[in-house]
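Q: I'd like to learn how to read a structure like this one, feature by feature. Can we go through it together?

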Amino acid sequence: MTTTMNLTLRPYQLADAVIITSWLKSEYLMRQWCADRYEHYPVTPEDMNSYHERYIDGQRSRALTMTDVDEVVGYITLRTSADDTTEQRLGFVIVDDSKRGIGLGKALVSMAVKYAFETLGATKVSLGVFENNPSAIHCYEVAGFHRVSRQDTESYPCLGETWNCIEMERCADAIIREIKSYEIPS
């Protein structure tokens, strides 16, 4: 049996928080999702909406919800890099835990990347993912991201351990074409 999905990406709405926070079934999963951005577990819908009020401005940072018709099935944020306005940074990537393994993660990431390139004019999309999250790493690789080395490894203290991040990025596809005669400087 094949399931047909009608996936769209729309701006986050405050009512989405009830659904999204319900996917965070353990503090371990919550920390993989947000590192230290939320102070305590469980994250409540009020916590999520308060975070949005403080940090998501709709210009340099955006929160997007993926829906299948009217059902909320994913969530992701995009923010403009402080160093480079042509770079967008993915964060807070999560899909409905009851629907894992059917490609929602890849669809969510791919749709956000397309939005970053086509709507926001980005030339690069980057992200950090904890090395103890192999399913997320695989999802990002399938969506076209590759690992990049950094001089310093970003790490966070989580649950009594130190969790290291892997830096990943995807650049806009280049189109190679023949140069036109009028484009050649005289």
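Q: Let's start with the strands: in which sense do β3 and β4 pair?
A: Strands here are DSSP runs of E of at least two residues, and helices are runs of H or I of at least four, numbered from the N terminus. Two strands pair if DSSP finds at least two bridges between them. In this case β3 and β4 are antiparallel, with six bridges, and a hairpin of six residues links β3 to β4. Before we go on: this is a predicted model, where local features need pLDDT of at least 70 and side-chain atom pairs pLDDT 80 or more, while totals for chains, interfaces and linings use all residues. Residues are numbered from 1 along each chain as its sequence is written, and side-chain values use heavy atoms, leaving out hydrogens and water.

Q: Which residue of β4 stands opposite Arg79?
A: That's Arg89. Arg89 also has a bridge partner in β5, namely Ser126. β4 and β5 (residues 124-130) run parallel and are joined by three bridges.

Q: Why is β4 described as largely enclosed?
A: Buried means under 20% relative accessible area, exposed means over 50%, and partly exposed is in between (1.4 Å probe, protein chains only). Strand β4 covers residues 87-95, and eight of its nine residues are buried, so the rest of the structure largely encloses it. As background, side chains in a regular strand alternate between the two faces of the sheet.

Q: How do I read contacts, and which residues does Asn49 touch beyond its neighbours within four places in sequence?
A: A contact is a pair of heavy atoms within 4.5 Å. With those neighbours set aside, Asn49 is in contact with Tyr12, Leu14 and Ala17. Asn49 belongs to helix α3 and is buried, at 14% relative accessible area.

Q: Now backbone angles. Which residue other than glycine has a positive phi near 60°?
A: Val69 does. Val69 sits in the loop between β2 (61-68) and β3 (71-80) and is exposed, at 54% relative accessibility. Asp70 is in the loop between β2 and β3 too, and is exposed at 73%.

Q: Is Ala35, with its positive phi, buried or exposed?
A: Ala35 has a phi of about 55° without being a glycine, and with 8% relative accessibility Ala35 is buried. Ala35 is in the loop between α2 and α3. Pro42 is placed in the loop between α2 (27-34) and α3 (45-55), and the peptide bond from Tyr41 to Pro42 is cis, with omega near 0°.

Q: How many disulfides are there?
A: A disulfide is a pair of cysteine sulfur atoms within 2.5 Å, and by that rule the count is zero. Cys34 is in none, since the nearest cysteine sulfur, in Cys158, is 8.1 Å away. Cys34 is buried at 4%. For Cys165, the closest cysteine sulfur is again in Cys158, 8.7 Å away and too far for a bond; Cys165 is buried at 17%.

Q: Last one: where is Leu159 found?
A: Leu159 is in the loop between β7 (155-158) and β8 (161-171), and is partly exposed at 43%.
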